[in-house]
Amino acid sequence: GHPLSRDAGCRKGLAMRITGIEPIVVHVTERGDWVFVHVHTDAGITGLGEASHSLNDALLLSALKVFEERLVGESPLAINVLWRRLAGIHGGRITATALSAIEQALWDILGQYLGVPIHTLFGGAVRDKIRLYANINRHVRDRSPEGFARAARQAVDEGFTAVKLAPFDELRAPDHVRTGTRAAWQPGVERVRAVRAAIGDEIDLAVDCHGRMETSEAIRVGEALGECTLMWYEEPVRHTRPDQLAAVARAVPMPTASAESVFAMEGFRAFLLERVVDVLMPDVKHCGGMMELKSIGEAARLNQLLIAPHNPSGPVATVATAQVAATLSNFLILEYAWGEAEWRSALIEPPEAIVDGYLAVPDTPGLGCRLNMDAVNAHRREAPSTADSSKVRP
């Protein structure tokens, strides 16, 4: 019978309590670390989540401490109640990332408790493997067109059927030249052309602009990239300007994508009620967790939008995203941080099962993976110095 239909199971579940929240910081590169979160219970079940890329790990750890004070002694099965309580603590991306990791871990606990994978809790998988694209950007040190092309070719040789790069290094300065033969975006376009030439026409290619352009510039660059047959043109202008994103989407010859940093269904309102871009990119680490990712994905069907979750992340966020993506009828493809850390596969047990550019969706209870603490400890970083936590007070 179903575990919750038995009196003993009910009593056990109701009696289970959260005993602590443990952050684990793993050093990856100078560009950032991966932060994992264990939620411990008194029933011997530990939940796992990922809270990487909050942009301030010291403040993130402070937020997790605040959240721990609110959660110890509570039932980990009361996911909706706890989510609403923590969502009321406003601290921008920091608290959104902390909350998202805890939420992932609570679903992991529930899945383990019931003995089913999380995708079963979300209505069941409609696919058993998830197509990945190789984001080569964090791997590439040689930022020449040849350097990008070499990395892209290597990813394709490993079986990936789609590649993404972020080629516009020269656009960081707000006063960069936007027009003419000396436009700062010209080298970025050359990098994209080199990658397309290296991987051929059969491989999908996406370009991430990190919101560094204004509208007219973004349209001009989109036109220049038209010959490259892009899978999508990502965040040419910032997601905080949906009207401008929509103007770019109407003008350029390829699909557009955005919304990687948006929190909760309410934050996605502008992207769901009107067709701002063609592809939405909620990130399980920032959007509020797995249930919010599921809800945003389902709501995207209103405007026939596709979901390609943002995920330049560690293996835990990848598995968590896959559990949800497996249940979405409008899922397109999932980001994979290719080549960032050669020891990545050792971090979780079992390791990510990637064959020919597809990730097998785990069918074991909960998330379907545990941290390999030997590998974690080999790359573990001492917690960042405690920062002022004034930004994460209730």
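Because the model is predicted, local features need pLDDT of at least 70, side-chain atom pairs count only at pLDDT 80 or more, and totals for chains, interfaces and linings use all residues. Residues are numbered from 1 along each chain as its sequence is written, and side-chain values use heavy atoms, with hydrogens and water left out.

Start with helix α13, residues 315-325. Helices here are DSSP runs of H or I with at least four residues, strands are runs of E with at least two, and both are numbered from the N terminus. Helix α13 is mostly covered, with 11 of its 11 residues buried. Buried means under 20% relative accessible area, exposed means over 50%, and partly exposed lies in between, using a 1.4 Å probe and protein chains only. The buried residues run from P315, V316, A317 and T318 through V319, A320, T321 and A322 to Q323, V324 and A325.

Is Q323 buried or exposed? Q323 counts as buried because its relative accessibility is 0%. Its side chain reaches the backbone oxygen of G366 at 3.4 Å. Contact here means heavy atoms within 4.5 Å.

Helix α12 covers residues 290-299. Two packed helices are described by the angle between their axes and the distance between the axes. For α12 and α13, the angle is about 40° and the axes are 10 Å apart. Axes are lines fitted to C-alpha atoms, for helices over the stretch in contact, and angles run from 0 to 180 degrees between N-to-C directions. The two helices are therefore oblique to each other. Angles under 35 degrees count as roughly parallel, over 145 as roughly antiparallel, 65 to 115 as roughly perpendicular, and the rest as oblique. The crossing of α12 and α13 is right-handed. A crossing is right-handed if the near helix is turned clockwise from the far one by less than a right angle, and left-handed if anticlockwise. On the α12 side, M290, L293 and K294 make the contact. On the α13 side, the residues are A320, T321, Q323 and V324. By class, this contact has 4 nonpolar, 2 polar and 1 charged residues. Ala, Val, Leu, Ile, Met, Phe, Trp, Tyr, Cys and Pro count as nonpolar, Asp, Glu, Lys and Arg as charged, and the others, Gly among them, as polar.

Now turn to another helix pair. Helix α2 spans residues 57-71 and helix α3 spans residues 79-87. Their axes come within 11 Å and cross at roughly 135°. That angle makes α2 oblique to α3. The crossing of α2 and α3 is right-handed. F67, R70 and L71 of α2 meet L82, R85 and L86 of α3. This contact has 4 nonpolar residues, no polar ones and 2 charged ones.

Next come two buried residues. G222 lies in helix α8, residues 215-224. G222 counts as buried because its relative accessibility is 0%. Apart from neighbours within four places in sequence, G222 is in contact with Y233, V252, P253 and M254. C209 is in the loop between β6 (204-208) and α8. C209 is buried, with a relative accessible area of 1%. Beyond residues up to four places away in sequence, C209 touches F168, Y233, E234, E235 and P236.

The last stops concern backbone geometry. Phi of L55 is near 85°, a positive value in a residue other than glycine. L55 is in the loop between β3 (46-50) and α2. At 73% relative accessibility, L55 counts as exposed. Q304 has a positive phi of about 55° and is not a glycine. Its place is the loop between α12 and β10 (306-307). Q304 counts as exposed at 70% relative accessibility. Finally, the peptide bond from E349 to P350 is cis, with omega near -10°. P350 is in the loop between β12 (348-349) and β13 (354-355).

Terms used: Polar contact = N/O pair within 3.5 Å; in protein donor to acceptor, adjacent residues only side chain to side chain.
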